[in-house]
Amino acid sequence: MIRIKTKEGASLLIALLATAIVAGILLTLRARGIELSWIAVATVLLCTFGVVSGAALFIIRKYVAYKLKPIYSIVLSRDVHTREIFSELKDKRVENIGEELTAWADTNDKEIARLKETERFRKQYLGNVAHELKTPIFNIQGYISTLLDGGLEDELINRKYLERAEKSIDRLINIVNDLDTISKLESSMNRLEMTRFDIVALAKEIAEQAEIEADKKHIQISVKGADNLPSPFWVQADKHYIGQVLVNLIINSIRYGKENGATRIRFRDMLDKILVEVEDNGQGIGKEDLPRIFERFYRTDKGRSREQGGTGLGLAIVKHIIEAHGERISVRSELGVGSTFSFTLKKVELQDLK
């Protein structure tokens with residue numbers, strides 16, 4: 001079977017066919033006694049081949065351009081002139097055009113899928129925001145309505161309801177602050193203030209600040225390597241944001257840790273990186289929840305998380321910050337055993353500090 005790959009090849013094939021037909025006619029005439037010189041026959045055949053090949057190429061190009069014009073108009077999102085199609089088709093094989101259009105269709109399909117996923121995420125995100133804000137707002141509304149309906153004069157309930165309303169307001173403030181933090185992270189993470197600092201000293205400082213909350217559950221916080229400061233673990237990162245990462249991870253380990261438990265912060269030298277690990281022996285995270293814990297507002301235990309005062313945005317903020325540094329955060333966990341969050345930061349050699 002003849003495979004025609006170009007417009008020129010198709011026109012030549014048509015010209016050869018037309019020339020063969022004309023040659024057959026001329027040979028028949030000579031066989032019947034009509035005087036025809038070989039020079040005249042050759043001239044007629046050459047003219048036939050040239051005229052037919054040129055006409056066929058012109059017609060084929062016009063037809064292909066007519067068929068491709070609406071397709072290219074869609075691909076380029078504008079009206080396309082026929083001369084542009086002629087220029088585009090010049091020296092191109094048919095399968096090359098097909099490959100280009102197939103690649104465009106694949107890219108377009110991927111873009112549509114991405115936009116659908118983005119739209120799904122946006123709807124889910126807005127729904128989660130509305131749900132998180134609705135509970136404290138309704139609580140505040142209920143407490144204030146009770147006080148206005150006569151509870152304000154009742155000394156047994158007025159202070160209690162005002163304290164509950166204040167607690168709900170604090171929760172609203174925390175949610176708004178975390179949402180504002182994520183918004184800032186997404187819009188200005190390219191402006192990190194990179195400095196060199198002792199990550200062990202920073203972890204020790206934050207751990208000391210968290211001791212009051214840890215003491216409520218008799219949780220012991222230990223920072224390995226903090227006995228002899230400065231430590232050999234120096235990193236280059238944004239100190240403010242990395243401090244926020246450590247605060248979130250340490251506070252989480254306390255909130256979801258068990259009574260008389262422990263939170264351990266460890267550091268490992270990974271050649272050009274420093275690995276930071278925050279480990280607890282608390283309730284742990286189920287396998288089905290692990291892939292989603294860094295999503296905004298995702299909670300493994302929704303009721304208990306709200307009781308602990310969490311907004312569901314802490315780990316999402318942590319992930320944003322670490323990824324903005326070009327690093328990754330991971331977690332390993334087992335129900336009833338505990339969880340370990342790990343992330344890396346760029347290491348600074350001690351000789352570079354001198």
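## A tour of the salt bridges

Let's begin by selecting Glu-213, which counts as partly exposed because its relative accessibility is 29% (buried means under 20% relative accessible area, exposed over 50%, partly exposed in between, with a 1.4 Å probe and protein chains only). You are looking at a predicted model, where local features need pLDDT of at least 70 and side-chain atom pairs count only at pLDDT 80 or more, while totals for chains, interfaces and linings use all residues. Residues are numbered from 1 along each chain as its sequence is written, and side-chain values use heavy atoms, leaving out hydrogens and water.

A salt bridge here is a side-chain nitrogen of Lys or Arg within 4 Å of a carboxyl oxygen of Asp or Glu. Helices (H or I, at least four residues) and strands (E, at least two) are DSSP runs, numbered from the N terminus.

Next, select Arg-266 and Glu-279, whose side chains meet in a salt bridge at 2.5 Å, N to O. Arg-266 belongs to strand 4 (residues 262-270) and Glu-279 to strand 5 (residues 273-280). Both residues are buried.

Then pick Glu-327 and Lys-273, joined by a salt bridge of 2.6 Å, N to O. Glu-327 lies in the loop between helix 10 (314-324) and strand 6 (329-334), 54 residues from Lys-273 in strand 5. Glu-327 counts as buried, at 9% relative accessibility, whereas Lys-273 is partly exposed at 25%.

Last stop: select Arg-264, Arg-266, Arg-268, Glu-277, Glu-279 and Arg-332, which salt bridges with shared partners join into one network.
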